[in-house]
Every structure is written in structure tokens, then in C-alpha cells.
Amino acid sequence: SAPVRERADVVVVGGGPGGSTVATLLAKSGHTVVQLEKERFPRYQIGESLLPSTVHGVCRLLGVEEEIANAGFMHKRGGSFRWGTNPVPWNFLFAVTPEFAGPQSFAYQVERMKFDDILLRNSARSGTDVREECDVTDVLTDDTGRVVGVRYSGRDGAVHEIEARYVVDASGNKTRLTRHAGAQRVYSEFFQNVALFGYFTGGERFPAPDSGNILCAAFDEGWIWYIPLSDELTSVGAVIAKEHAAKVQGDREAALMRFVDRCDIVRDMLSDAERVTDGVYGELRTRKDYSYANTRFWGNGMVLVGDAACFIDPVFSTGVHLSTYSGVLAARSINSVLAGELTEERAFGEFEGRYRREYAVFYEFLSAFYDMEQSEDSYFWRARKVTGFDRTDMTAFVSLVAGAYSGEDALTDADAVVIRFRESTAELTEAAARTGGMDTDSGQRMNHLFKAPVVRDVMEEMNALQARGAMGSRTVEAPLLDGGLVPSADGLSWAEPAVRAVS
Ligand code: FAD
């Protein structure tokens with residue numbers, strides 16, 4: 001017999017952070033939302049190092065900031081890099097940014113099984129009809145070919161159908177649905193890496209307060225992440241150029257240990273550690289073909305968020321930031337259209353415009369960062385000629401890698417911006433006294449990075465943004481895009497800038 005067709009305003013496919021963000025915000029706005037997840041949570045996922053914009057900005061908007069704060073995740077105050085030929089690692093601290101100075105100057109390193117589970121439960125608590133072990137196999141279309149729902153096989157093995165005004169594809173990098181939005185995946189020509197990763201107990205920690213930092217250490221064939229997930233557990237992964245992909249085939253254990261051996265600082269930190277060999281962390285996993293963007297992020301009744309739309313590269317931990325930020329943007333657009341306030345074109349144009357901009361900035365920045373390592377030899381001599389190091393640039397750099405580039409209230413904390421900027425002066429001085437934000441050598445490295453034109457532009461924009469915060473003139477959020485929209489007062493939909501300025 002034909003399956004019974006249920007109805008909802010929106011179906012969200014995927015229970016990861018992207019899906020839970022969009023579902024929660026739509027449910028909070030009073031829409032009927034069904035969120036379908038293939039696995040039974042908690043389930044394993046990679047992507048453990050987060051940015052402040054996610055844990056303070058988006059999580060606050062979702063009403064889950066406190067629960068996350070109480071979950072016992074490792075505090076990440078910044079990043080440590082062994083990048084280039086200098087054997088001394090350098091640090092950046094989130095504390096030097098005005099957006100995340102003071103009490104918010106950290107993010108978390110998370111076991112994604114726990115983090116994603118908290119977001120999914122919160123989505124259900126917010127009113128979403130969350131259904132696990134429901135595998136979406138196809139979309140439903142009307143006579144015009146527009147997507148009007150999904151078909152899924154449930155835990156009972158039966159086929160189910162749900163009709164909806166919009167289908168959000170948040171089903172991650174293995175999505176089978178994006179083509180129905182008229183989208184095609186385009187792989188990056190620059191980022192063509194493979195990753196091999198596993199877990200260790202007993203790895204060394206940096207001295208406090210940097211003990212929760214992510215360490216990224218470059219070596220000949222690529223780089224290694226070293227993420228302290230707890231006092232005991234460390235996530236270790238090698239990112240290797242695709243040309244070396246053959247090396248991660250076959251004996252994965254031997255391959256990972258060989259990469260670790262080549263990377264002095266990680267080898268030293270793991271010298272007393274043991275690899276976890278049982279349970280969910282016992283497996284050595286690989287990932288490849290993960291750097292891509294779709295030609296469209298919405299269309300034909302569908303909206304793509306998170307890895308279903310795009311992903312760049314693990315360096316600088318932008319994956320969960322992009323997935324949750326795109327979830328916020330998508331929810332605003334869907335809310336505005338369902339409320340009859342904006343046309344699809346206008347609302348989703350804003351969604352795609354902002355999302356692409358965020359993606360493009362990180363894409364260029366990450367490319368420049370990779371380039372910095374590759375051209376180390378010639379750079380080394382050029383850098384000798386660079387004198388001095390502009391602290392404003394340093395601040396802007398860290399704001400970018402904290403996820404605060406868009407200047408969105410939703411990603412920081414609008415009410416506290418000015419206050420925190422003042423507080424941060426003291427923190428800044430303290431941090432500068434301790435580390436200089438970074439050591440002098442890294443300052444010179446950063447100067448090299450700033451030569452990339454797009455990074456230069458971003459830095460200027462962010463310095464302007466921060467100056468605005470410092471002057472306390474931050475009253476109405478300006479449109480981010482030319483002729484674009486601004487977030488509504490509650491942050492859950494879009495408004496025309498003029499309308500908001502009068503009200
Ligand atoms: P996902 O987390 O993948 O969630 C998608 C969900 O959809 C899954 O639960 C899946 O089971 C479900 N699903 C799939 N198909 C279906 C279906 N047909 N029906 C129903 N449900 C379905 N990001 C960071 O922020 N920090 C990092 O340190 C970091 N490191 C990374 C390292 C590597 C090697 C890689 C490859 C990525 C890394 N990332 C990192 C990126 C991060 O993993 C992703 O960007 C993030 O998980 C995307 O979240 P999402 O919600 O879009 O998708």
C-alpha cells in the first residue's frame with residue numbers, strides 16, 4: 001500500500017550541527033519541523049576543534065550555551081602552530097579579539113558524539129520532531145519538478161513520506177540530495193588532501209593556559225593536528241597531499257606512526273602515549289575528497305547547509321562554524337519567506353550571498369596560510385626586511401579565525417561588544433606582556449600572510465568593524481552585502497535595513 005503522507009512546514013535532513021541549528025531556530029519560530037537522522041545518536045563524527053563564534057554566538061541563539069558550558073569540554077584558548085621551518089611553535093589567543101575578549105575568549109575541543117547529541121536533543125526540546133534511524137532516500141516533487149518533501153525508510157523498515165514547504169539538506173558530505181536543488185559539487189583545485197586520524201591516551205599537554213590549544217604542526221608531507229579532547233584523550237590526524245594518498249592505504253597504523261615520527265613536536269608529545277585500539281576511538285579512519293563547494297546553495301524548494309553545501313579544509317577549524325552559521329542564515333530566510341515578508345529570491349539571495357562570502361574569505365585565507373608554509377624558504381629572507389608588526393592586524397587576524405569576520409551580532413554578543421572591548425584592553429595588555437599575542441617571529445610570518453590581497457581586504461574591513469565597536473557607535477547592524485538585508489531584532493529572520501532603522 002502507498003505510504004501515508006505526513007505534512008510539515010520544513011523537513012531537515014541530517015542531525016549534525018548544521019541540521020540541528022536550522023531545525024531549532026525554525027521550531028522556535030513556531031513552524032512544524034521534522035528532522036530526520038540516519039544514525040542513532042550519539043554517533044561518531046570528525047571535526048572536534050570549534051571556534052568561539054559557534055560556542056558563544058550560535059549556541060547562545062539556540063539556547064544551549066549553558067548546557068555546552070556544563071558538559072565538561074576542554075577549553076580552547078587559541079591555537080599553537082609549528083608552521084614553517086622554525087622549530088619553535090607560536091600561539092594565537094582568542095583573547096586578543098574585541099568580540100571574544102574577557103570571559104568569552106575561548107572555544108571548546110569537543111567529542112562530537114557528545115556535542116552533536118546535545119544540539120540534537122536541544123532541537124527536540126525546542127519543538128522539532130526529531131526522528132533517528134530514518135534514512136532519507138529520495139525527494140518528493142510536484143508536477144513542475146519542484147521538491148515538495150522527502151521519502152525515507154524508517155526504523156521499522158517501512159517507507160514514509162513527508163510533504164513540506166522546504167527541504168533543508170544538512171546531510172553532510174555524503175549527501176545524495178543536492179542535485180535536486182539544481183546544484184553540482186565542484187572540487188577545489190587547491191585543497192586536494194587526504195586525512196588519516198586516530199586517538200591516543202597519555203599525550204603531553206602544553207603548560208597552562210595553553211593546555212587546551214589545538215596544535216597544528218607542518219612537516220614535509222603535510223601537517224598533523226593534535227587536539228586535546230580531555231586530560232587523557234588526544235585526537236591526532238595527519239593531513240597529507242593527495243599525491244601521497246597511497247601511503248595511507250594498507251597498514252594505517254604504520255602509516256600514521258610514520259607521519260608522527262616525521263613530525264618532531266608531535267612525536268615528542270606522544271612519546272609516552274598509547275594509541276586507543278578499542279571502542280569508537282579505536283578505529284583509524286581516513287577521509288578524502290572533502291574540499292568542495294556546490295554551484296548553488298538553494299533552489300527548487302531546497303536549501304543546503306553545512307557540508308552538504310561546502311567544506312574547505314580542517315586547518316583553522318572552520319567546518320562546524322560554516323555549518324552552524326549557514327544554519328542560522330537558512331533559518332532566517334525560511335522564516336522570512338514562510339511569514340510572507342520576503343520573496344524567495346530576496347530571502348535566499350541573502351542566505352547564499354552571506355554564506356558564499358564567509359566561505360570565500362576562509363578559502364582565500366586558508367590558501368594563503370598553506371602557501372606560507374610552502375614558500376617558507378624564499379619568504380624567510382624577505383621577512384628579514386619586514387620591520388615591526390602591527391597589533392591591529394594581529395587582532396583582526398584572530399577575529400577572523402575566531403569566526404567573527406561577518407561582524408554578525410548572532411555570532412558574537414552585540415550588547416556586550418563595547419564593554420568587552422574595554423575589558424579587552426586590560427586582557428590585551430596582559431596577553432601581550434605574556435606572549436606578544438604571538439612571538440615576534442610569528443608576527444613576521446603573519447605579515448607575509450597579509451600580503452595576500454583578499455586577506456588584506458578582510459583585515460581592513462575587520463579593523464573598521466572593531467573601530468566601530470570601540471567608538472560605541474554600534475547601534476544598527478548595517479547590511480553586509482550591497483543592497484542586502486539585515487537580521488531582524490530577534491535574529492531569527494531578515495529585515496530591510498530602512499525598516500529596522502526607523503523602528
Ligand atoms: P555532519 O556533521 O556530517 O552531519 C550530517 C548528518 O546527516 C550525519 O549525522 C548523518 O548521519 C546524517 N545523514 C546523512 N545522510 C542522511 C540521510 N540520507 N538521511 C538522514 N540523515 C542523513 N570542523 C571543525 O569545525 N573543526 C575541526 O577540527 C574539523 N576537522 C575536520 C577534519 C577532517 C579530516 C574533515 C574531513 C573535516 C573536519 N571538520 C572540522 C569539518 C566537520 O567535520 C564538518 O564541517 C561538520 O561535521 C559539518 O556538519 P554538518 O552538520 O554539515 O554535517
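In this predicted model, three elements each supply at least two residues of the shell around the ligand: helix 1, strand 8 (135-141) and helix 7 (319-338). Helix 7 gives the largest share, four residues. The ligand has 37 residues around it, and five of them come nearest: G16, G47, G172, G306 and G319. By class, the shell holds 16 polar, 12 nonpolar and nine charged residues.

The protein chain is divided into three domains. Domain 1 is built from three segments, 5-67, 111-185 and 292-356. Domain 2 covers 193-288, and domain 3 covers 375-472. Both domain 1 and domain 2 give residues to the shell, so the ligand shell lies between these two domains. The C-alpha centres of domain 1 and domain 2 are 30 Å apart. The two domains also touch: nine residues of domain 1 are in contact with 12 residues of domain 2. On the domain 1 side, the residues that touch domain 2 divide into four nonpolar, two polar and three charged.

Helix packing was examined next. Two packed helices are described by the angle between their axes and by the distance between the axes. Helix 1 and helix 7, both of which supply residues to the ligand shell, pack against each other with their axes 8 Å apart and an angle of about 30°. An angle under 35 degrees counts as roughly parallel, so helix 1 is roughly parallel to helix 7. Their crossing is right-handed. From helix 1, the contact takes in P17, G18, T21, V22, L25 and L26. These meet V320, S323, T324, S326, G327, V328, A330, A331, I334 and N335 of helix 7. The contact of helix 1 with helix 7 has nine nonpolar residues, seven polar residues and no charged ones.

Helix 1 (residues 17-28) also packs against helix 4 (residues 112-125). Here the angle is about 20°, and the axes are 9 Å apart. Helix 1 is therefore roughly parallel to helix 4. Helix 1 passes helix 4 in a left-handed crossing. On the helix 1 side, the contact residues are P17, S20, A23, T24 and A27. Their partners in helix 4 are D116, L119, L120, N122 and S123. By class, the contact of helix 1 with helix 4 comprises five nonpolar residues, four polar residues and one charged residue. P17 takes part in the contact with helix 4 and in the contact with helix 7.

Helix 7 has a further packing partner in helix 2 (residues 52-62). The axes of helix 2 and helix 7 lie 10 Å apart, at an angle of about 25°. Helix 2 is thus roughly parallel to helix 7. The crossing of helix 2 past helix 7 is left-handed. Helix 2 contributes S53, T54, V58 and L61 to the contact, while helix 7 contributes V320, H321, T324, Y325 and V328. Five nonpolar and four polar residues make up the contact of helix 2 with helix 7, with no charged residue.

Most peptide bonds are trans, and most residues other than glycine have a negative phi. Two cis peptide bonds are described here. One runs from F41 to P42, with omega near -5°. P42 sits in the loop between strand 2 (33-36) and helix 2. Another cis bond links A208 to P209, with omega near 5°. P209 belongs to the loop between strand 12 (193-201) and strand 13 (214-219). D289 shows a positive phi of about 50°, although D289 is not a glycine. The position of D289 is in the loop between strand 17 (285-288) and strand 18 (292-294).

Terms used
Residues numbered from 1 in each chain as written. Predicted model: local features only at pLDDT ≥ 70, side-chain atom pairs only at ≥ 80, totals over all residues. Axes fitted to C-alpha atoms, helices over the stretch in contact; angles between N-to-C directions. Parallel < 35°, antiparallel > 145°, perpendicular 65-115°, else oblique. Left-handed = near helix turned anticlockwise from the far one by under 90°. Contact = placed C-beta atoms within 7 Å. Nonpolar A, V, L, I, M, F, W, Y, C, P; charged D, E, K, R; others polar. Near = placed C-beta within 6 Å. Domains from an automatic or database assignment.
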